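Please open the model in your viewer and keep the selection panel at hand. The stops below say what to select next and what is there.

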Amino acid sequence: IGAGNSPYMSPSAFAGNILLIGLEALRDAGWLKNEELVPDASFEEYRINFPAVTAFRISRLKLAASRFWESADGQARSAFGNFCKKSGFWLESYALFRTISEVYGPSWQKWPGPLARQQPAALDAFASGHTHEIRFWKFCQWCFHEQWTALRAYAHSKGIDIIGDIPIFVSLNSADVWANPELFDLDDAGFPLAVAGVPPDKFSDNGQHWGNPLYNWKRHAETRYDWWIKRMKHMMDTYDYVRLDHFRGFQAYWAIPAHSEIPADGKWMSGPGTAFFDAMKKEFGSLRFIA
């Protein structure tokens, strides 16, 4: 989740929500102590106090990570290494993005130019000075993956399949957009030329201004939808069925000029249509999609 604690503004289309990591399992592994699991006094009984919960959990995850590096056995370290290798295509940029965001803020367009433009020398220099922090974000994703895999196996043992809901659009301030700016409709500074939303309709007299950047579908077609194929494979490895949120946007989407806050100022633009799903079907065969 990202701004507003929203899954529609996530810092990654691939990473798991680290607030869902069960701290008890980390205690059982020897990386946390019982007394460190006692809820913070600022927690609320019936509502989630996100700032309090986030600070509490991240502090515990950082404790667990440091103890993992100190005491983890070879099997655990090997599992972590295998996960990092398998997930490298998204994990490397995600961990780097989260770490740079902690230093310079989440708006990557405002980072020092060489980092914003992913110049290799600048990224290497930053990474060498923040090895521990980058490794922390990878550790969290490994923990999430291990626990999610166990949960899904348990569900399957009870004859239960899992439906995952994925939003068509991603956040501007995400590892996905920062690492792949050419795949989105952005200006030279990395800001959107137009943003997502919907026009006035029976649900809203004014329409909706979502603010997500739009895709450069021409570029996606030129790459044979490589980024989307990787995203869908990751989702289909994570869930049993994938619900595509705002399915209509693949046929046509509402583009609001970036300078406007008024949804009605937008216009319909053609999406990738059938070509997108032909590419998915060619790659995966059977599509476990829900529209």
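Throughout this tour, a residue is called buried when its relative accessible area is under 20%, exposed when it is over 50%, and partly exposed in between, as found with a 1.4 Å probe and protein chains only. Helices (H or I, at least four residues) and strands (E, at least two) are DSSP runs, numbered from the N terminus. This is a predicted model, in which local features need pLDDT of at least 70 and side-chain atom pairs count only at pLDDT 80 or more, while totals for chains, interfaces and linings use all residues. Residues are numbered from 1 along each chain as its sequence is written, and side-chain values use heavy atoms, with hydrogens and water left out.

Begin with helix H6, residues 120-129, and colour Ala122, Leu123 and Phe126, which are its buried residues. Viewed down the axis of H6, these buried residues fall within an arc of 95° (taken from the directions from the helix axis to the C-beta atoms), so they line one face of the helix. On the face turned away from that buried side, select Pro120, Ala121, Asp124 and Ser128, which are exposed.

Which cysteine sulfur is nearest to that of cysteine 84? A search of the whole structure finds zero disulfides, a disulfide being a pair of cysteine sulfur atoms within 2.5 Å. For cysteine 84, the nearest cysteine sulfur is that of cysteine 143, 11 Å away, and cysteine 84 counts as buried at 13% relative accessibility. Cysteine 140, at 0% relative accessibility, also counts as buried; its sulfur is 6.5 Å from the closest cysteine sulfur, in cysteine 143, which is too far for a bond.

Then move to isoleucine 163, which is in strand S1 (residues 163-167) and counts as exposed at 55% relative accessibility.

Continue to isoleucine 262, in the loop between strand S5 (252-257) and strand S6 (267-270), which is partly exposed with a relative accessible area of 48%. Its C-alpha atom is separated by 7.1 Å from that of histidine 209, although the two are 53 residues apart along the chain.

Finish at proline 51 in helix H2 (residues 50-71), which is exposed with a relative accessible area of 62%. Draw a C-alpha to C-alpha distance from proline 51 to alanine 29: the two are 22 residues apart in sequence and 27 Å apart in space.
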